[in-house]
Amino acid sequence: MEEASAAKTGSPERPSDRTIAAIDIGANSIRMVIAQVEPDGEVQILERFQRAVHLGQEVYRQGRLGSQSMRAVVAILRDYAQRLRVLNVKRVRAVATSTGREASNADTLWDRVYMATGLQVEVIDTTEESRLIVSAVCKELGGVLEGGHGGALVADVGGGSTLLTVLREGRIVASQSLRLGSIRLHEIFTTGNESPRRCAELYRQQIAKETVTPAREMSLGAIDLFVAVGGDARFAAAQAGQSDETAGVSVVGRKPFEELVASCEKKTAEDLSTRYGISFAEAETLNPALQTYQILWRKTRAEKMIVSNVSMRDGLLLELARDVTGREDAVLQQSIVQSALSLAQKYQVDVAHAEMVADLSVRLFDEMQADHGLSGRHRILLRVAAILHEVGSFVSNRAHHKHTYYLIVNSEVFGLSRDERRIVAQVARYHRRSPPKPIHVEYMALPRATRVVVNKLAALLRVADGLSRGHIERAADLRMERSGDELVVYLRGDDLFLERRAVAAKGNLFEEIYGMRVRLEQI
Amino acid sequence: MSKKTKTVPEHFINRELSWLEFNDRVLGEGVATDVALLERMKFLAIVGSNLDETFMIRVAGLMQQRASDVRRRDPSGMTPDEQLQAFSRRAHRMVEEQSTAIRELLRQLREHGLIVLEANEWTAEQSQFLAGHFTSEIAPVLTPLAIEDLEPKPLLPGLQLHVAAVLGPREGNDGETIVVVPVPGAFSRFVRLHAGEDVALVRLEDVIASNVGLLFPSREVLATAVFRITRDADVAIADEDADDLLDVVAEAVRDRRRRAPVRLEISARPDERLRKWLVDWLRLAPEDVYEIDGMLDATALWHLANWPGFDILKEPDWPAQPPRDLMDQDDLFEAIRERDVLLVHPYESFDPVIRLLEQAAADPHVLSIKQTLYRTSGESPIIRALEHAGGSGKEVTVLVELKARFDEARNVQWAKRLEDAGCHVIYGIAGLKTHAKALLIVRRETYGFRRYVHLATGNYNDRTARLYSDIGLMTCDRELATDVANFFNVLTGHSDVVGWSKLAVAPTGLRRRFIDLIRREAKSSTPDDPGLIMAKMNSIEDREVCEALYEASQAGVKVLLNVRGICCLRPGVKGVSENIEVTSIVDRFLEHSRIFYFHNAGHDEVYLSSADWMRRNLSKRLELLFPVSSPKPRRRLIDMLKLYFADNVKARRLLPDGTYQRVTRRGRAVRAQEWLHEEAVDAAKASQQTHLQFRPLSRPSD
């Protein structure tokens with residue numbers, strides 16, 4: 001019966017097309033979530049996996065992974081890969097966070113994993129990690145995040161790092177990562193001889209030191225909504241919180257939380273483990289994590305701590321789900337653009353011009369969709385490149401495109417991964433002067449597929465930049481039409497001299513890539 | 001909430017004595033005049049097998065503690081020795097009552113033509129016939145043991161009947177001798193005499209005892225007696241049912257006590273020399289000897305209870321009905337997609353569970369089947385369906401619990417068969433008995449995978465499902481399905497324990513969850529809207545749960561407990577448990593379901609579980625608790641609980657002194673099991689009527 005209805009609607013989809021999986025190689029464990037994307041785009045969790053492997057201990061102490069841990073990781077991932085085969089899951093993202101970033105011999109491990117399982121592990125940087133977490137939190141909490149006038153702080157205290165993101169009116173306005181994590185603190189400060197009280201003191205000093213600057217830069221004093229992400233926050237919620245049925249999250253008041261922390265920090269890991277029925281490994285890192293939340297919370301004006309149930313894996317799943325449905329997350333896109341605009345302002349770019357170039361670029365992108373076949377994600381990268389293409393002028397007007405390149409590569413743009421930032425930097429770099437050449441080292445360092453993307457996007461940006469050289473004030477003032485091997489752009493204005501000249505100078509790459517000439521016509 | 005009262009031993013009832021009280025309630029059904037005679041016979045047989053098991057495991061465990069010089073007191077404040085003394089006193093009284101009841105029942109059966117003759121009633125003709133029967137049929141397989149002369153002494157097997165005889169001196173020389181003749185287990189316990197229309201039976205041991213002289217032609221038989229030894233269960237399984245006792249017992253003691261005698265049953269008024277010799281040899285204390293006036297080993301009464309014919313002496317059959325939630329549903333997947341299906345066994349048939357598996361096995365869209373199996377029968381259609389599925393290339397994972405008591409050998413056999421069929425078989429989890437009952441079917445459908453889940457309070461055993469009252473739930477609930485999938489991933493070693501969204505799982509979080517639920521009830525209870533907990537299960541023994549219930553009672557929560565077996569919680573203690581009522585139902589079906597209801601300030605919650613509120617369930621087993629959240633099944637379970645507390649026919653109330661009393665009947669008689677049966681019949685009838693179609697026939701054309 002179902003087969004028949006599927007045939008009727010003409011979409012006999014295979015479940016495997018809608019099945020996704022996220023694997024997260026963390027400091028304490030390797031977890032996997034298998035989910036499927038429902039027809040309405042919702043993500044339905046199918047199965048969760050978690051296996052303990054204490055990579056953080058080794059990495060934060062010795063800077064590298066031991067051979068035993070590596071074997072354990074390979075064995076676990078081999079088992080996970082087997083589970084994925086049973087459900088025929090094709091869309092999989094396996095990511096590693098702080099331990100992956102910091103272990104000097106991580107690449108060897110990823111190679112062994114690949115050889116054993118076919119899984120390609122991506123090491124993601126803190127910006128991407130926060131982006132994933134925040135996108136999942138936004139999905140989970142929805143309107144709650146827009147409630148606070150002073151803004152919301154999303155804090156994820158992980159094993160190796162703490163990720164902080166500030167949102168105002170639902171948009172991300174600042175984000176930072178601190179080298180402060182529960183396992184890291186435990187590994188650095190605990191030799192096994194200290195009393196729980198002494199440990200707490202040491203943790204506190206370190207946390208206080210690490211949080212001074214971010215608190216100032218992110219104006220945490222104004223924050224009136226404190227959202228905590230992470231297993232230790234969930235522990236606090238289970239012990240001292242109340243569940244908010246409507247939002248499906250737990251809320252912890254200041255007083256019960258302070259009492260919980262005060263009581264926990266007096267206890268040894270053994271006591272914590274027996275008292276609360278948690279594993280010894282969890283117990284060991286509970287106090288540093290709780291104290292980090294506590295100190296961050298104290299810096300804000302928030303009355304309550306909202307404890308989220310999501311994790312980075314949920315963010316990964318949302319992203320994989322967007323691959324399935326083809327829908328992009330509007331909130332997230334806005335946050336990325338917002339972050340790019342802040343950066344542009346920081347380098348004193350003419351933002352109005354930058355935004356117009358961005359709009360024009362995107363118009364061209366949409367017009368040429370059939371020719372370049374790029375995704376929505378590339379569209380946003382193009383927009384960011386357009387917004388930032390002139391940041392290099394801040395350094396010097398001479399060869400400013402080259403300054404643009406390194407400024408972008410070395411700045412953080414919320415929501416973009418390191419690799420994506422590199423694409424953006426390349427596209428922006430090629431907005432003028434020479435198109436990509438084999439002698440350009442950074443360009444040639446990119447994988448071939450990425451170089452093609454850079455070419456396609458840079459070609460669009462150059463034309464957009466050229467079009468913006470004259471009279472038009474709004475991107476809406478023009479119209480495009482494809483005619484044979486020409487892209488005809490109709491513009492308002494009596495004299496298109498400037499535009500024609502600019503496009504003639506910059507359109508070469510476009511012609512080369514798309515096999516079309518750009519011709520300007522008056523309306 | 002009022003301040004927590006510290007619990008003292010007086011707040012608890014001793015577990016062993018509580019178990020004896022349960023057995024006393026079973027005995028009560030054996031003497032109940034409103035129960036059919038042969039049905040009563042079954043209850044008297046159960047009293048026997050219950051006692052056997054208790055002696056082998058619990059009494060044996062306490063004896064080990066005593067031998068180890070453990071003086072640890074149980075929650076009710078008794079030392080092992082005190083418990084043994086009290087147990088023995090109560091058990092002696094019970095055995096006497098049981099024997100009297102059996103004699104009385106046998107007397108009544110005579111009036112209906114089912115006659116068990118005592119040896120002294122045999123006619124000369126009958127005696128002669130039996131002597132011939134003995135010589136030709138029985139004697140050839142007997143192995144008489146001149147037990148006094150044998151060194152080392154043979155280890156007479158536990159639970160087997162033996163005939164002992166004192167033989168007079170041989171001509172001239174030595175004195176009297178004791179010989180022991182084991183009663184062969186291969187024969188039926190009853191020998192039928194040809195006596196016209198009536199069924200006339202004699203007991204095998206009587207035939208042997210009366211004719212034992214034929215084995216020793218040159219000796220005189222001075223006295224005979226029938227006896228039966230019960231021994232410490234010498235298998236590892238005792239660990240699980242007596243681990244609370246044995247964890248403090250020294251290994252050396254355990255070795256020494258292995259298969260040690262714990263009880264001697266002997267026919268009444270035995271020869272003194274014989275008795276003394278046996279007691280000395282077995283090293284038993286006087287209180288461990290049970291003289292039985294009548295029939296030893298009452299478990300053989302099952303033969304009589306099931307004797308063909310005599311239908312008038314049996315309870316009317318209550319055949320299982322088609323489940324209410326599945327009327328006219330051929331496609332179970334479709335039915336479960338439409339709504340959650342509640343199965344109330346044995347009133348409703350267990351077949352759908354088997355059919356679900358068979359359907360899954362045959363369905364090409366089904367990708368995987370995962371199931372726990374505990375105490376199932378080898379010939380079970382469940383095993384056949386799983387074999388079929390394994391053979392068709394699906395991923396079939398079966399967790400087989402081999403520690404299920406007394407069933408190991410049988411279990412291994414069919415587990416191997418499953419493996420041969422291509423199923424992935426897991427032989428249990430080290431250190432934990434898997435008691436959870438869960439089935440997960442993953443099916444590929446138009447828009448992705450859909451998971452079908454069956455969770456239950458009872459085992460996947462089509463035979464016990466006809467006798468045990470259990471509840472099953474079939475659902476597609478996503479969160480529950482994910483939890484169950486995760487549960488299997490944990491069982492199969494693919495994952496550590498992850499958080500659960502709807503399930504609670506023992507041994508990691510089930511006790512805490514129960515206690516949290518009880519505490520929440522206490523917290524939300526107000527004088528205007530007092531809390532209410534209704535729970536039904538087999539046993540309550542876990543101390544922490546009891547204490548939480550006491551706190552709830554003190555906070556004004558009404559606590560209604562329907563506990564079939566052991567209840568260590570003492571109700572009705574002023575200032576402690578005044579708001580707690582405990583009742584127990586022993587009727588024709590074995591009450592086995594575990595249902596938990598919490599008023600939750602008006603947001604009713606109902607849960608089902610495989611676990612009792614016992615330490616072993618919450619600490620030593622893998623058990624599941626799951627919510628029933630769809631409105632209809634939830635409502636139905638609440639009504640069912642209310643029905644159990646309304647029962648005034650079979651229910652007995654636990655009094656503060658630890659004894660039980662029949663519930664006083666006011667108004668019309670309510671017998672929960674009968675009610676549930678009739679309800680199931682009515683639902684089936686109603687459905688037949690609604691689906692009865694009148695098709696007017698048109699005039700036949702020419």
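1. Two strands pair if DSSP finds at least two bridges between them. Strands (E, at least two residues) and helices (H or I, at least four) are DSSP runs, numbered from the N terminus. In chain A, strand β4 (residues 91-96) and β5 pair in the parallel sense, over 3 bridges. Ala94(A) has Val121(A) in β5(A) as its bridge partner.

2. This is a predicted model, in which local features need pLDDT of at least 70 and side-chain atom pairs count only at pLDDT 80 or more, while totals for chains, interfaces and linings use all residues. Residues are numbered from 1 along each chain as its sequence is written, and chains are lettered from A and ligands numbered from 1 in the order in which they are written.

3. The strands β4 and β5 of chain A belong to an open sheet of 5 strands, in the order β3-β2-β1-β4-β5, with mixed pairing. Because β3(A) and β5(A) (121-123) stand at the edges and have a single partner strand each, one side of each has no neighbour in the sheet. Neighbouring strands of the sheet are turned by 20° against each other on average, direction ignored.

4. Helix α15(A) (residues 312-325) lies across β1 (19-25), β2 (29-37), β3 and β4 of chain A. The helix runs at about 150° to β1(A). For such angles, axes are lines fitted to C-alpha atoms, for helices over the stretch in contact, and the values run from 0 to 180 degrees between N-to-C directions.

5. In total, 24 residues of chain A are in contact with 18 residues of chain B (contact: C-beta atoms, placed from the backbone, lie within 7 Å). On the chain A side, the residues divide into 9 nonpolar, 6 polar and 9 charged. Here Ala, Val, Leu, Ile, Met, Phe, Trp, Tyr, Cys and Pro count as nonpolar, Asp, Glu, Lys and Arg as charged, and the others, Gly among them, as polar.

6. In chain B, strand β24 (residues 621-627) is mostly covered, with 6 of its 7 residues buried (20 or more other C-beta atoms, placed from the backbone, within 10 Å of the residue's own). β24(B) pairs in the parallel sense with β13(B) (residues 433-434) over 2 bridges, and Thr434(B) has Leu622(B) as its bridge partner.

7. β24(B) also pairs in the antiparallel sense with β17(B) (residues 504-506) over 3 bridges; Val505(B) stands opposite Leu624(B). Another 3 bridges join β24(B) to β23(B) (residues 605-609), again antiparallel, and here Leu608(B) stands opposite Phe626(B).

Definitions and conventions:
Two residues are in contact if their C-beta atoms, placed from the backbone, lie within 7 Å. A residue is buried if 20 or more other C-beta atoms lie within 10 Å of its own, exposed if 12 or fewer, and partly exposed in between; C-beta atoms are placed from the backbone.
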